[in-house]
Amino acid sequence: MATLCKAYDGSDLISDRSIEGELIARDPCLTLLLLSQPEPFAAFLNGKGAMADGIGFTGRSFIIAPAPTAGYRSVVYSKSASDEVLNEFYGRCIAILKSHIGDDPTEMRPKIELSFSNEAQARWEAAFDNIQVDMRPGGLLENDKDFGAKLADKIARVAALLHFFEGAEDTIPLSTLERAISICQWYTHEF
């Protein structure tokens, strides 16, 4: 978990356990999706939960537990994406992965740095301030300060992911940041 936290924050990862000697992953990028059934996750929290909280792993995570739907699903009302939509999604994922590899496959291309538009920056700062208020006694995040401490960062990350995935290269507009805030608010209430 400590290694995942370091990768999430972009810190270099050093391993000396390799037969080939020391390996260094410089300036890593990490977005992680971990899915688990309730029982194994509860066992993890019972055994390693305090450590996960202590090193900030849970604060860097969006954790949800959707209500079970067994017995309420039917073929008639099931929704699934068409093959065309899924192929477009997969195609974009592959294009993004390939875009990071230079002409020399052992070298990565430089990272693209994104920034907020002036309006989005002002809105992000207001969201940051609101999160701080929510961490005060009586606030929504009073008992989840580790989560709250990383929430503004996660909002910025979600905005950047939406912006980049959509193929935009200029500054992140207010409309994209607002979508990221809405997504992160939903995850906050789930957390």
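A nonpolar core is a set of buried Ala, Val, Leu, Ile, Met, Phe, Trp, Tyr and Cys residues joined through side-chain atoms within 4.5 Å, where buried stands for under 20% relative accessible area with a 1.4 Å probe and protein chains only. Keep that in mind as we walk through this predicted model, in which local features need pLDDT of at least 70, side-chain atom pairs count only at pLDDT 80 or more, and totals for chains, interfaces and linings use all residues. Residues are numbered from 1 along each chain as its sequence is written, and side-chain values use heavy atoms, leaving out hydrogens and water.

Let's start with the fold. There are 6 helices and 2 strands, taken as DSSP runs (H or I of at least four residues for helices, E of at least two for strands) numbered from the N terminus. Along the sequence they follow the pattern α-β-β-α-α-α-α-α. The C-alpha atoms fill a box of roughly 50 × 45 × 45 Å along the principal axes.

Now to the interior. Of the 191 residues, 21% count as buried. The largest nonpolar core has 19 residues, and those with the most contacts inside it are Phe116, Trp124, Leu151, Ile155 and Leu177. At least two residues of this core come from each of α4 (118-134), α5 (145-165) and α6 (174-190), with α5 giving the largest share, 7 residues.

Leaving aside residues up to four places away in sequence, Leu151 touches Phe62, Ile131, Leu141, Cys184 and Thr188, a contact being heavy atoms within 4.5 Å. Across the protein, 59% of the contacts with a separation of 6 or more join residues 24 or more positions apart.

Methods
Buried means under 20% relative accessible area, exposed over 50%, partly exposed in between (1.4 Å probe, protein chains only).
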